[in-house]
Amino acid sequence: MSQTIGKTRLAYSRAWHHVSLASPSTPSLGRVSSRIAILLMGKHKPIWDPSTDCGDYVVATGCNDVLVTGKKKEQKLYYKRTTRPGVMKSLNMESLIRKWGGGEVLKRAVRGMLPKNRLRDKRLERLKVFEGEAHPYKINLMKFDGKIRQVEPEVKTEILKKMSI
C-alpha cells in the first residue's frame, strides 16, 4: 500500500494560464510578476512542495504595454556583467524595452521573484511572453482571463458539418 495520499499524476498535470498586460485593469509590473511567479512555482495547488516542480505554464501577451509606476522607466537600471574586471554595463528600463521588448522586463521581474535554486530556470522556461496579443498557444489555454475555456470535441463539429451538406 502506498504511503503518499493524493499525489497522483492528475494532481501534477500542468495547466496553461493566460495573462494579458494590454487590458486597462492590469496591475503594475511587480504585482503581475508576483502572481505569475506563484503560478510557475505551483503554490496555488494543494500538493505544493518546495522541492518539487509542480507549477503551470503561463502565457503573457501584450508585454509592450507593461505598466510601471513613477519614474522607473527612466531611473531603473539593469546590469550586465562580463568576465573582465571593471566591465559592467547598465541599461535603463526604457532602453531595455526598446532593445529587447517588454517581455524581457517581465521575465527579469519574474526571475527575481522565483526562489534561487536549481528549479528556477526550468520554471522560467514555462513562461511564454509575447509583445502583441497573438500567440501560438491558444489551443493549450485552459483558463483565459480567469474563466475556464470550454472545448467542444472535434467529433461534434464534424457531424454538424456533414448534416449541413
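Q: Is G132 buried, partly exposed or exposed?
A: In this predicted model, local features need pLDDT of at least 70, side-chain atom pairs count only at pLDDT 80 or more, and totals for chains, interfaces and linings use all residues, while residues are numbered from 1 along each chain as its sequence is written. A residue is called buried under 20% relative accessible area, exposed over 50%, and partly exposed in between (1.4 Å probe, protein chains only). Because the relative accessibility of G132 is 36%, G132 counts as partly exposed.

Q: Where does G132 sit, and which residues does it contact beyond its sequence neighbours?
A: G132 is placed in the loop between β5 and β6 (143-144). Helices (H or I, at least four residues) and strands (E, at least two) are DSSP runs, numbered from the N terminus. Contact means heavy atoms within 4.5 Å. Leaving aside neighbours within four places in sequence, the contacts of G132 are T61 and G62.

Q: What distance separates the C-alpha atoms of G132 and A60?
A: Along the chain, G132 and A60 are 72 residues apart.

Q: How many helices and strands does the protein chain have, and in what pattern?
A: The count comes to six helices and seven strands. Following the sequence, the pattern is β-α-β-α-β-β-α-α-α-β-β-β-α.

Q: What share of the contacts between residues at least 6 apart in sequence joins residues at least 24 apart?
A: For background, the protein chain has 165 residues, of which 32% count as buried. Among its contacts between residues at least 6 apart, the share joining residues at least 24 apart is 63%.

Q: Is S33 buried or exposed, and which residues does it touch?
A: S33 belongs to helix α1 (residues 29-41), and its relative accessible area of 0% is why it counts as buried. A polar atom of its side chain lies 2.7 Å from the backbone oxygen of L29; a polar contact is a pair of N or O atoms within 3.5 Å, where within protein one must be able to donate a hydrogen and the other to accept it, and residues adjacent in sequence count only if both atoms are side-chain atoms. Side-chain values here use heavy atoms, with hydrogens and water left out. Not counting residues up to four places away in sequence, S33 touches L106, A109, V110 and M113.

Q: What do the buried residues of α1 pack against?
A: The buried residues of α1 are L29, V32, S33, I36, A37, L39, L40 and M41. Their packing partners are β1 (16-20), β2 (57-61), α3 (93-100), α4 (102-113), α5 (120-125) and β5 (127-129).

Q: How far apart are the end C-alpha atoms of α1?
A: The expected span of a helix is 1.5 Å times one less than its number of residues. For the 13 residues of α1 that gives 18 Å, which agrees with the distance between its end C-alpha atoms, 18 Å.

Q: Which residue just after α1 takes a positive phi?
A: Let's step off the end of the helix. The phi there is about 90°, and the residue is G42.

Q: Why does the salt bridge of D53 tie together separate parts of the sequence, and how far apart are they?
A: Side chains of opposite charge can pair when their charged atoms come close. A salt bridge is a side-chain nitrogen of Lys or Arg within 4 Å of a carboxyl oxygen of Asp or Glu, and D53 forms one with R14, the closest N and O atoms being 3.8 Å apart. Because D53 lies in the loop between α1 and β2 and R14 in the segment before β1, the parts tied together are apart in sequence by 39 residues.

Q: What are the relative accessible areas of K45 and D56, which form a salt bridge?
A: The side chains of K45 and D56 meet at 2.9 Å, N to O. Both lie in the loop between α1 and β2, so the pair ties together parts that are eleven residues apart in sequence. K45 is buried, at 13%, and D56 is buried too, at 2%.

Q: Which helix holds the salt-bridged pair R108 and E104?
A: Their side chains meet at 3.0 Å, N to O. R108 is partly exposed at 33% relative accessible area, and E104 is partly exposed at 25%. Four residues, about one turn, separate the two, and the helix is α4.
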